[in-house]
Amino acid sequence: MQHQRFGKKSEINPGEPIADPNILLQTVSGYTRKKGIKSRGRLIDTSQLPRHQFYHDLPEDHKKCRVCHHLLEKVGQETSEQVEVLPLKLYVAEHIRYKYACRCCQTLIMAPKPKAPIPKALAGGSLITEIIINKYQSHLPLYRQSKILASYNALIPDNTLGLWVSQAGSGLMPVYEAYWQAVLNASYIQADETPVKILKPEKKGYLWTYFAPHVGKGLVVFELSLTRSGTIPEQRLANFEGLLQTDGYAGYYNLRKQEGIIGFGCMTHARRKFDEVLKITKNQNGIANEVIQRLKPVYALEARMREQGISFHTRKRLRQKQSWPLLKALHSWLKQNAAKVPANSKLAGAIHYMLTQWFYLIRFLRHGSVEIDTNWVENQERPVALGRRNWLFFGHEGRGIIHALWYIL
């Protein structure tokens, strides 16, 4: 418990050397230096920033030589750089529309007004965009944004900001539905869920995540619910047919058995349980460490194939040739050693999870397009995890769909 609260979150084994691909050691005549890390020069790339030039010249009375009093001649210049920022600047855009009238028939015509992003709202498009980006990308709660705006003499309550966010999202619901259609039409989906607090009603909710890795560069959609019941993904994926990868949560059990769906497990979830045991016991000669060591070459193969961009067909062939013998041996070894472990121990729970999930854990060997784990979909949830440390809760369930929309755009 103390490790989960205060310890490192990395799953690297205690005492295991860390290989950093960005640092290469180079030894010359007994001297070792780190290659690949700059020791001098600017480490900030300013090439993509706009530039404003400020010229600094000598006053006229200083352009004479102090020795012979002849006029000085310009022989060159020296340039230095500083990165500056233009602070936020609010302004009121007044749209003045000219009116024209016909004196004969009393016809009145007025110049058209640009369409507002939110009808009859005071907020312009740039302000709404700034608020949404601050909340969903920079994780800045609306009440803090309200205070920041107040420092620029714009007194806008946070509930007004929330209304603008909601109204802007309502206009983009066709985009949200299009995302759903694209994900559900994919042949391979990873699914997961993460808890969020809901204020009205005050209870724990869940943001369900569905990720299609092979649609474009990857497409994700979220769905908010007040329950973790498996009926939520069952209803959403009722018409889905294809490959579905999840962790071992029981809420996905019925989906794995659903006609038209081929279910897969997550090896990282199984490995993580042994890693937790190892962090507690620190026993480098125990069963937990042995499992992790046996899985290393399997993960190393996955990393090499991903780095080299190997085709799905070749991935399947290499997995069956190299990973299957290793995993088969691990399975036999685990069954032999399971009886040696105290029944109610954390290690027994890790072994039980891996053995009961084994059929789904190794199913990726037969499908080159499927990953070894659900790390991809978990990565999609990181912005939510970062954000909830700041905004703490969703206001109410009714706006959950709006939050889900903004987190995918």
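A salt bridge here is a side-chain nitrogen of Lys or Arg within 4 Å of a carboxyl oxygen of Asp or Glu. The model is predicted, with local features needing pLDDT of at least 70 and side-chain atom pairs pLDDT 80 or more, while totals for chains, interfaces and linings use all residues. Residues are numbered from 1 along each chain as its sequence is written, and side-chain values use heavy atoms, leaving out hydrogens and water.

**View A. Arginine 363 is buried but has no salt bridge.** Buried means under 20% relative accessible area, exposed over 50%, and partly exposed in between (1.4 Å probe, protein chains only). For arginine 363, the nearest side chain of opposite charge is glutamate 259, 13 Å away (Lys and Arg count as positive, Asp and Glu as negative; His and the chain ends are not counted). Leaving aside neighbours within four places in sequence, arginine 363 is in contact (heavy atoms within 4.5 Å) with Ile262, Gly263 and Phe264.

**View B. Leucine 88 sits in the loop between strand S2 (31-35) and strand S3 (99-101).** Strands (E, at least two residues) are DSSP runs, numbered from the N terminus. Leucine 88 counts as partly exposed because its relative accessibility is 34%.

**View C. Cysteines without a disulfide: the structure holds zero.** A disulfide is a pair of cysteine sulfur atoms within 2.5 Å. For cysteine 102, the nearest cysteine sulfur belongs to cysteine 105, at 3.5 Å. For cysteine 104, the nearest is that of cysteine 102, 4.7 Å away. Cysteine 104 is exposed, at 75% relative accessible area, whereas cysteine 102 is partly exposed, at 29% relative accessibility.

Key: Helix = DSSP H or I, 4+ residues; strand = E, 2+ residues; numbered from the N terminus.
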